Number of protein chains: 2
Amino acid sequence: MTLLNETHDPALRSWVTSANAAGNDFPIQNLPFAVFRRKGSLEAFRGGVAIGDQILDLAAAAAAGVFGGEAGSAAQAGAQDKLNALMALGASAWTALRLALSRALREGAAEQGQLAACLMPQQEAEYGVPARIGDYTDFYTSVYHATNIGRQFRPDNPLLPNFKWIPIGYHGRASSIGVSGQTFPRPVGQTLPPGASEPSFGSCKRLDYELELGVFMGSGNALGAPIAITEAEASVFGLCLLNDWSARDIQAWEYQPLGPFLSKNFATTISPWIVTLEALTPYRLPFTRPADDPQPLPYLDAPANWAQGAIDVQLEVLLQTQAMRDQGQAATRLTHTSYRHAYWTVAQMVTHHTVNGCNLQPGDLLGTGTLSGPTLDQAGALIELTVGGKQPLTLPNGQTRGYLEDGDAVVLRGWCEKTGAARIGFGECVGTVLPARQV
Amino acid sequence: MTLLNETHDPALRSWVTSANAAGNDFPIQNLPFAVFRRKGSLEAFRGGVAIGDQILDLAAAAAAGVFGGEAGSAAQAGAQDKLNALMALGASAWTALRLALSRALREGAAEQGQLAACLMPQQEAEYGVPARIGDYTDFYTSVYHATNIGRQFRPDNPLLPNFKWIPIGYHGRASSIGVSGQTFPRPVGQTLPPGASEPSFGSCKRLDYELELGVFMGSGNALGAPIAITEAEASVFGLCLLNDWSARDIQAWEYQPLGPFLSKNFATTISPWIVTLEALTPYRLPFTRPADDPQPLPYLDAPANWAQGAIDVQLEVLLQTQAMRDQGQAATRLTHTSYRHAYWTVAQMVTHHTVNGCNLQPGDLLGTGTLSGPTLDQAGALIELTVGGKQPLTLPNGQTRGYLEDGDAVVLRGWCEKTGAARIGFGECVGTVLPARQV
């Protein structure tokens, strides 16, 4: 676990003045990574760091030789079209680069002249998926989500007996992961209509989002060599926002006995920016469990996991329908919750994933699962908020939603704030539903 | 669907005389692909084609300019360290290369002089995983396996109602796929011992293999653009042997509600050689279903799928324990079955996978699921052969096996033979269980 250091000092200010604005997601205490290029261009993607409303181009900074030593090697690795090489360097290199960036972007830094030439306004940029994702695993770490959704799929047995012992996870689809701005046609497939004895074929009628965080692996492990829980966080590069789009009617018919498949793998959207674990240090909280719940088995247990295993990332979901866009109305908030409510920590996900010998690689992505909070208005999916579509939401413009309709844009946002620390944010993760293809 | 052509002529003979030996897996009618290098060397892997007991080095043949036109481009693509570029070229290029290889390797071919210099004996080679596998999906296409294993996991409900409508599949782990010769430590994890109310942690006690075929995707599809069943086979590069190692005790405790995870992702072993769909043309058979079973929904239905959707690949599983190796005893056969018994075809797997818009990419791997045949002695896993370990097998040397023990090597073999066609084979897929790490 990283400790607070000079890069977290809330008094730091940047010579990129937009970074000092209150409520801004990307102050100098954040320094998240993405891959970007000029919007609409055929330029190569390259790594960048968000600072205020600008992107620091790591390829340009590396070419200019701004950073030396370990930070310089890290900047060079981060200059590529995907961040895998930077992720593979490990925690010492990430820390060195963060410190060098923090010092060079501070007010009065000697590097201002060189680095000012390496900035691009975020509004002129487009982003790519930040890593070659070798494997994508989705977990199921909210006991509130598991209970809410379990009640609908298995009314008599909502929370399965393994939930409080195992960080339940399953493999997802890497090829269909897209970056914020992704659009996708409403999926088509088999469903079993209520009361029917044979399935129907057609477009999904119960399309949903899932509010999650994504965890990008850094250094990984060799096959057969698990990552101990005390080492797990050092292997993690950082977190992003993740929308695990879900076709509930397809899921209900297909998911037994081998789990969700076509109900999930048509699209997954992530935010472009990866906020490093080090940037999240000020927002760590004790990890707690109800007193009556089982204690984690020893391989999932560690003092540091109790002391500060949770992370208070505040999360919200907003919806903007086509009608709202047409009328110039802003997206409306559906949910506000926090990652602090998760039942299993980042370290527990990583350690459990590798305990059998499975190898994680730099750039692999873990999803936390839907991060529903303790109360129903903190739920991270429509299936929970609308009780399976039976209690539709009424939006400010009078439209109602049981599930998503064509043209709906779902916006995820995340940020951390507390007294005595700078507010940092994740930016946005936006995805839009297009009409199904004709079948 | 490809048609019989001159490359399938059983009368063809090669100037590589070992290819003409009876019972040999790699006659000139086969021509499967792998990536290889000299054993124990640091040479780059490159594509090769099996012919008798030799490998034709595609990098050397391409450098020598033996092939021209489309076949030459395909040989160049196949010269790389992974076969993804060749796979991405599509069926026309694969057919052109196969025809050129067949003609150049025939007795009397003018290319003999040039190509003889491009051969390496297979016994001097080592192999790599033949493609960068972006995503790995495992299906569940044997109704016999689904029923046998379902009876043990859900005695009152062995075959779920979706099985005869949906080619059930789930995402597996790409990073832990290894090539024949793979060894792995017995996995460690959580299990719920019989009668216990809380899980235990330790090494797997019910380690199993699963006899499968792997399907390597060729040209793939864009996100949102499904592959119609009439186009599905043209998108497939070829088939290999696949062992989906399974920890049954870990699986039983973890698999609900999201499917198998750590019980499968510690290792998956494939054969080095990929036999192209075109090579399998002579062994196609009608696809049949019991008269009372539902007909496939229209998107999974096509005349060609009925006419020759099945493939008569004969398959066997052999076991060699450590004691057998120590005493110089050959592996003993546990199972002999055929892929012809599968309930869903290759084309149906591909089309179902993409019907929701999911994108498949060149080099993606689909597993067929355990290919158990209609009778219990044709079962493709120990959990079926030993009825959950309760009826252990007695081996020729007197040892017994309920599940796999440390040191056990599992050998998969596959081949096709029939009157009027050449016998072709898949070679072997071998994997060996090492002791668990200390916990």
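Which side chains meet in a salt bridge at 2.9 Å, N to O? They are those of A:Asp25 and A:Arg423, a salt bridge being a side-chain nitrogen of Lys or Arg within 4 Å of a carboxyl oxygen of Asp or Glu. The model is predicted, with local features needing pLDDT of at least 70 and side-chain atom pairs counting only at pLDDT 80 or more, while totals for chains, interfaces and linings use all residues. Residues are numbered from 1 along each chain as its sequence is written, chains are lettered from A and ligands numbered from 1 in the order in which they are written, and side-chain values use heavy atoms, leaving out hydrogens and water.

Chain A is divided into domain 1 (6-128) and domain 2 (136-434), with bounds from an automatic or database domain assignment. Between their centres, taken over C-alpha atoms, lie 28 Å. Domain 1 of chain A brings 29 residues to the contact and domain 2 of chain A brings 28 residues, where contact means heavy atoms within 4.5 Å.

Together the two domains of chain A bury about 2200 Å², 67% of it on carbon and sulfur atoms; buried area is the accessible area (1.4 Å probe) that two parts lose on being put together, summed over both. On the domain 1 side, A:His8, A:Met87 and A:Trp94 supply 26% of the area buried against domain 2, more than any other three residues.

Two salt bridges are counted between domain 1 and domain 2 of chain A. By class, the side of domain 1 that touches domain 2 holds 16 nonpolar (Ala, Val, Leu, Ile, Met, Phe, Trp, Tyr, Cys and Pro), two charged (Asp, Glu, Lys and Arg) and 11 polar residues (the others, Gly among them).
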